[in-house]
Amino acid sequence: MLATQKSDVGSTAAAGAAGALVGRSGAKIAVVGTGVVGLAAALGCAQRGLQVTLIGAAPRPFLSAPGEARFDSRIYALSQASCELLAQLRVWSQIDPARICAVARMRVFGDDGGRLQFDAYAAGVERLATICEESQLLQALWLGCTIAPGIEHVSREFDAAAFDADAVRLRLADGASIECALLLGADGKRSSVRAAAGINARETTYGHTAFVANFDCERSHHGTAYQWFTDAGIVALLPLPGDCVSLVWSAPNALAPELASLSAGEFAAQVVQRSRNTLGSLAMIGGKYAFALDRIAVDRLVRPGAALLGDAAHVVHPLAGQGLNLGLQDVSEFLRLLAAREPWRELGDLVWLRRYERARAEPIGLMRGTVDGLARLFDLPDARVRRLRNVGMSAVNALAPVKHALVRHALG
């Protein structure tokens with residue numbers, strides 16, 4: 001178990017009185033959210049010499065108790081750019097190499113014979129992605145935040161914010177307050193910071209439920225990620241260390257109750273069927289989890305004194321596995337522009353914050369358009385559309401330069 005944070009002002013007597021001002025005098029940036037994106041943003045800002053107040057509950061314990069599943073239910077496929085950011089933050093080396101897995105190949109299958117294959121060696125890259133558990137990322141980032149000078153952790157909930165010309169005053173759930181020059185919202189798709197900043201979010205449903213689970217495999221995956229577009233939704237298997245895989249099944253809502261009711265063995269049998277018995281029999285490790293798939297788009301990423309990152313700024317369909325990568329690239333771009341900010345500009349100055357918003361507009365829009373288009377295209381039941389989309393998939397597969405360009409773009 002990691003040591004607790006070096007200074008949890010949420011437990012100090014000074015912070016106990018409602019309405020008291022908490023946090024270090026002169027703290028410049030407040031980061032709300034202690035997930036992967038929030039911790040990365042806080043650590044990056046501190047490493048650039050800024051004082052940071054990190055607001056939110058400490059991540060859950062990282063070591064599994066005896067008898068618990070061998071892998072997290074949350075598994076991410078990190079792009080090369082995301083791994084490079086984590087290395088720049090000096091946390092990638094803290095992740096146990098025995099718990100990550102390189103993706104050497106990807107195989108995508110349509111619902112009517114279409115097929116698309118990507119290969120790292122053929123594209124001239126080391127790997128297509130790196131599979132990593134959320135707990136490993138949180139553990140490494142949290143350790144970095146606890147030892148980095150300039151970060152103070154407040155373990156209470158954010159409640160509201162008042163934006164003045166030269167400062168932002170935050171109110172916490174117990175009535176205590178914090179003053180900062182810039183507020184960063186990395187508090188997820190139900191972002192309280194987004195609401196407090198008056199930034200409108202448009203949420204729509206994909207009409208699908210995602211089921212996630214991990215499995216032991218009869219046959220080795222050989223570092224291959226698989227994805228099938230089927231009449232029962234999109235089924236993806238990501239390679240884990242050893243002969244194990246992580247499932248993400250985006251199932252139509254009409255099918256979700258049936259899948260939720262299945263026993264572990266019955267559910268595994270369904271996955272074997274939908275994955276065309278590619279990896280042989282499967283045995284579930286731990287439980288299965290389900291969550292609704294929604295799309296969230298915001299009117300803007302910034303306002304004077306505030307900026308959004310990660311799921312607070314965008315939520316896309318998981319079929320490409322790029323949600324966390326988008327969030328980490330928000331952090332990377334924000335830190336790059338922070339370093340380039342003119343020294344006479346205040347941290348909350350809208351001019352430089354708009355630079356961040358403009359820089360992220362195209363990558364976010366491109367990813368949203370791509371995954372939305374694919375999800376809707378393969379959701380259409382028309383037989384002619386089915387033939388065309390599968391022919392198109394196979395046509396792309398025959399064009400090596402196009403495939404290699406897609407790989408390099410996905411690497412970030």
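**Helix packing around H1 and H8**

Modeller: Let's start with H1 and H8, whose axes come within 9 Å and cross at roughly 15 degrees (axes are lines fitted to C-alpha atoms, for helices over the stretch in contact, and angles run from 0 to 180 degrees between N-to-C directions). That makes H1 roughly parallel to H8 (under 35 degrees counts as roughly parallel, over 145 as roughly antiparallel, 65 to 115 as roughly perpendicular and the rest as oblique). On the H1 side, Val 36, Val 37, Ala 40, Ala 41, Gly 44 and Cys 45 make the contact, and H8 answers with Leu 324, Gly 327, Leu 328, Val 331, Phe 334, Leu 335 and Leu 338 (contact means heavy atoms within 4.5 Å). That set splits into 11 nonpolar, two polar and no charged residues (Ala, Val, Leu, Ile, Met, Phe, Trp, Tyr, Cys and Pro are nonpolar, Asp, Glu, Lys and Arg charged, the others, Gly among them, polar).

Some housekeeping: this is a predicted model, with pLDDT of at least 70 required for local features and 80 or more for side-chain atom pairs, while totals for chains, interfaces and linings use all residues. Numbering runs from 1 along each chain as its sequence is written, and side-chain values use heavy atoms, with hydrogens and water left out.

Now back to H1 (residues 36-47), which also packs on H4 (residues 134-147), their axes coming within 9 Å and crossing at roughly 25 degrees (helices are DSSP runs of H or I, at least four residues, numbered from the N terminus). H1 and H4 are therefore roughly parallel too, but here H1 passes in a left-handed crossing. H1 brings Val 36, Leu 39, Ala 40, Ala 42 and Leu 43, against Glu 134, Leu 137, Leu 138, Leu 141, Trp 142, Gly 144 and Cys 145 of H4. The tally is 10 nonpolar, one polar and one charged. Notice that Val 36 and Ala 40 touch H4 as well as H8.

H8 (residues 323-340) has H2 (residues 80-88) against it as well, at about 50 degrees with the axes 9 Å apart. So H2 and H8 are oblique to each other, and H2 passes H8 in a left-handed crossing. Ala 81, Ser 82 and Leu 85 of H2 meet Asn 325, Leu 328, Gln 329, Val 331, Ser 332 and Leu 335 of H8. This contact has five nonpolar, four polar and no charged residues. Leu 328, Val 331 and Leu 335 turn up here and in the contact with H1.

Conventions. Helix = DSSP H or I, 4+ residues; strand = E, 2+ residues; numbered from the N terminus. Left-handed = near helix turned anticlockwise from the far one by under 90°.
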